[in-house]
Amino acid sequence: GVVSEGEDGLLVAPGDVDDLVEKLEIMLTDRERARQMGRSGRAKVEVKYAWPQIGAKLADVYAQVIGERRGE
């Protein structure tokens, strides 16, 4: 997934206000943990979601689609 619980962010149950409050308190009180998750998140984005990687994946998809249309 985009966010790995506890590694590069915290996930909140949809519609669960108490869970949201709990996770916000964690981020506000444990600043070092928040900074570490931020660093981990940035590293993940730089590896998985940078334009060169997105472009390569998109090119693969285009090649697959073109190949299927040609019957390859």
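Predicted model: local features only at pLDDT ≥ 70, side-chain atom pairs only at ≥ 80, totals over all residues.
**Exercise 1. Decide whether Lys44 and Asp8 are buried or exposed.**

Solution. 
Step 1. The cut-off for a buried residue is a relative accessible area under 20%.
Step 2. Lys44 has a relative accessible area of 16% and is therefore buried.
Step 3. Asp8 has a relative accessibility of 13%, so Asp8 also counts as buried.

**Exercise 2. Describe the surroundings of Asp8, beginning with the polar atoms.**

Solution. 
Step 1. A polar atom of the Asp8 side chain lies 2.7 Å from the backbone nitrogen of Ser4.
Step 2. The side chain of Asp8 also forms a polar contact of 2.7 Å with the side chain of Lys44.
Step 3. When neighbours within four places in sequence are left aside, the residues in contact with Asp8 are Val2, Val3, Met37, Ser40, Gly41 and Lys44.

**Exercise 3. State where Lys23 and Asp19 pair, and characterise the position of Asp19.**

Solution. 
Step 1. The side chains of Lys23 and Asp19 form a salt bridge, with 3.3 Å from N to O.
Step 2. Both residues lie in helix α1; because they are 4 residues apart, about one helical turn separates them.
Step 3. Lys23 and Asp19 are both buried; for Asp19 the relative accessibility is 14%.
Step 4. Apart from neighbours within four places in sequence, Asp19 is in contact with Leu11, Val12 and Ala13.
Step 5. The C-alpha atoms of Asp19 and Ile54 are separated by 33 Å, and these residues are 35 residues apart along the chain.

**Exercise 4. Examine the pair Glu32 and Arg35, and identify the network to which both belong.**

Solution. 
Step 1. Glu32 and Arg35 meet through their side chains in a salt bridge of 3.5 Å, N to O.
Step 2. Both are found in helix α2, 3 residues apart, which is about one turn of the helix.
Step 3. Salt bridges with shared partners join Glu32, Arg35 and Arg39 into one network.
Step 4. A residue is partly exposed when its relative accessible area falls between the buried limit of 20% and the exposed limit of 50%. Glu32, at 43% relative accessibility, is therefore partly exposed. Arg35 also has a relative accessible area of 43% and is thus partly exposed.

**Exercise 5. Name the residues of the nonpolar surface patch, and classify Val2 by its accessibility.**

Solution. 
Step 1. The patch is made by Val2, Val3, Leu11, Val45, Tyr49, Trp51 and Ile54, and its area is about 670 Å².
Step 2. Val2 is placed in the segment before α1, and Asp8 has its place in the segment before α1 as well.
Step 3. The cut-off for an exposed residue is a relative accessible area over 50%. Val2 has a relative accessible area of 57% and is therefore exposed.

How values were computed:
Residues numbered from 1 in each chain as written. Heavy atoms only, no water. Buried < 20%, exposed > 50% of the residue type's maximum accessible area, 1.4 Å probe, protein only. Salt bridge = Lys/Arg side-chain N within 4 Å of Asp/Glu carboxyl O. Helix = DSSP H or I, 4+ residues; strand = E, 2+ residues; numbered from the N terminus. Polar contact = N/O pair within 3.5 Å; in protein donor to acceptor, adjacent residues only side chain to side chain. Contact = heavy atoms within 4.5 Å. Patch = residues over 30% accessible without salt bridge, like charges linked within 9 Å, V, L, I, M, F, W, Y side chains within 5 Å. Areas by Shrake-Rupley, 256 points an atom, 1.4 Å probe, with all protein chains shown as cover.
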